[in-house]
Amino acid sequence: MTDQARGMAMVLAPCSGDRSWDLLVDVSQHSSVKLRDVAAALVATTKGQELPALRRELRRLHAQERP
């Protein structure tokens with residue numbers, strides 16, 4: 001599941017595999033949600049389920065990186 005989420009993060013926030021892992025870990029730590037749950041929530045978005053506050057957190061962290 002984490003590999004799928006990592007690939008999705010690479011596409012959503014154009015970045016390397018290593019950086020996508022870092023983003024997932026950052027989302028997990030900043031939202032106090034276990035990494036496996038972050039990964040499951042991200043993958044669930046492809047099945048029509050909503051990604052709650054994690055989507056907002058991923059966007060925020062990615063925006064901080066951009067110049």
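Helices (H or I, at least four residues) and strands (E, at least two) are DSSP runs, numbered from the N terminus.

**Figure 1. The whole chain at a glance.** This is a predicted model, in which local features need pLDDT of at least 70, side-chain atom pairs count only at pLDDT 80 or more, and totals for chains, interfaces and linings use all residues. Residues are numbered from 1 along each chain as its sequence is written, and side-chain values use heavy atoms, with hydrogens and water left out. How many helices and strands does the chain have? There are four helices and zero strands, and from the N terminus on the elements run α-α-α-α. The chain has 67 residues, of which 34% count as buried; buried means under 20% relative accessible area, exposed over 50%, and partly exposed in between (1.4 Å probe, protein chains only). Contact means heavy atoms within 4.5 Å. Among contacts in the chain with a separation of 6 or more, 47% come from residues 24 or more positions apart.

**Figure 2. The buried face of helix α1.** Helix α1 covers residues 2–12, and its buried residues are Ala 5, Met 8 and Ala 9. Why do they line one face of the helix? Seen down the axis of α1, the buried residues fall within an arc of 100 degrees, so they line one face. The arc is that of the directions from the helix axis to the C-beta atoms. As a handy reminder, an α-helix has 3.6 residues a turn, so residues three or four places apart point the same way. On the other side of α1, Asp 3 and Val 11 are exposed. What covers the buried residues of α1 includes α2 and α3.

**Figure 3. Where α1 meets α2.** Two packed helices are described by the angle between their axes and the distance between the axes. Here, axes are lines fitted to C-alpha atoms, for helices over the stretch in contact, and angles run from 0 to 180 degrees between N-to-C directions. The axes of α1 and α2 come within 8 Å and cross at roughly 105 degrees. These two helices are therefore roughly perpendicular to each other (angles under 35 degrees count as roughly parallel, over 145 as roughly antiparallel, 65 to 115 as roughly perpendicular and the rest as oblique). From α1, Thr 2, Ala 5, Arg 6, Ala 9 and Met 10 meet Gly 17, Asp 18, Ser 20, Trp 21 and Leu 24 of α2. Sorted by class, the residues of this contact of α1 with α2 are five nonpolar, three polar and two charged. For these classes, Ala, Val, Leu, Ile, Met, Phe, Trp, Tyr, Cys and Pro count as nonpolar, Asp, Glu, Lys and Arg as charged, and the others, Gly among them, as polar.

**Figure 4. Where α1 meets α3.** The axes of α1 and α3 come within 8 Å and cross at roughly 60 degrees, and the two helices are therefore oblique to each other. Their crossing is left-handed. A crossing is left-handed if the near helix is turned anticlockwise from the far one by less than a right angle, and right-handed if clockwise. Which residues make the contact of α1 with α3? Look for Thr 2, Gln 4, Ala 5, Met 8, Ala 9 and Leu 12 of α1, together with Ala 39, Leu 42 and Val 43 of α3. They divide into seven nonpolar, two polar and no charged residues. Arg 36 also belongs to helix α3, and at 54% relative accessibility Arg 36 counts as exposed. Arg 36 and Ala 5 are 31 residues apart in sequence, and their C-alpha atoms are 9.4 Å apart in space.

Figure 5. Helix α2 (residues 17–31) packs with helix α3 (residues 35–44) at an angle of about 110 degrees, with the axes 9 Å apart. The pair is therefore roughly perpendicular, and α2 passes α3 in a right-handed crossing. In α2, Trp 21, Leu 24, Val 25, Val 27 and Ser 28 meet Leu 35, Val 38 and Leu 42 of α3. This contact of α2 with α3 has seven nonpolar, one polar and no charged residues. Ser 32 sits in the loop between α2 and α3, and at 69% relative accessibility Ser 32 counts as exposed. Most residues other than glycine have a negative phi. Phi of Ser 32, however, is positive, near 55 degrees.
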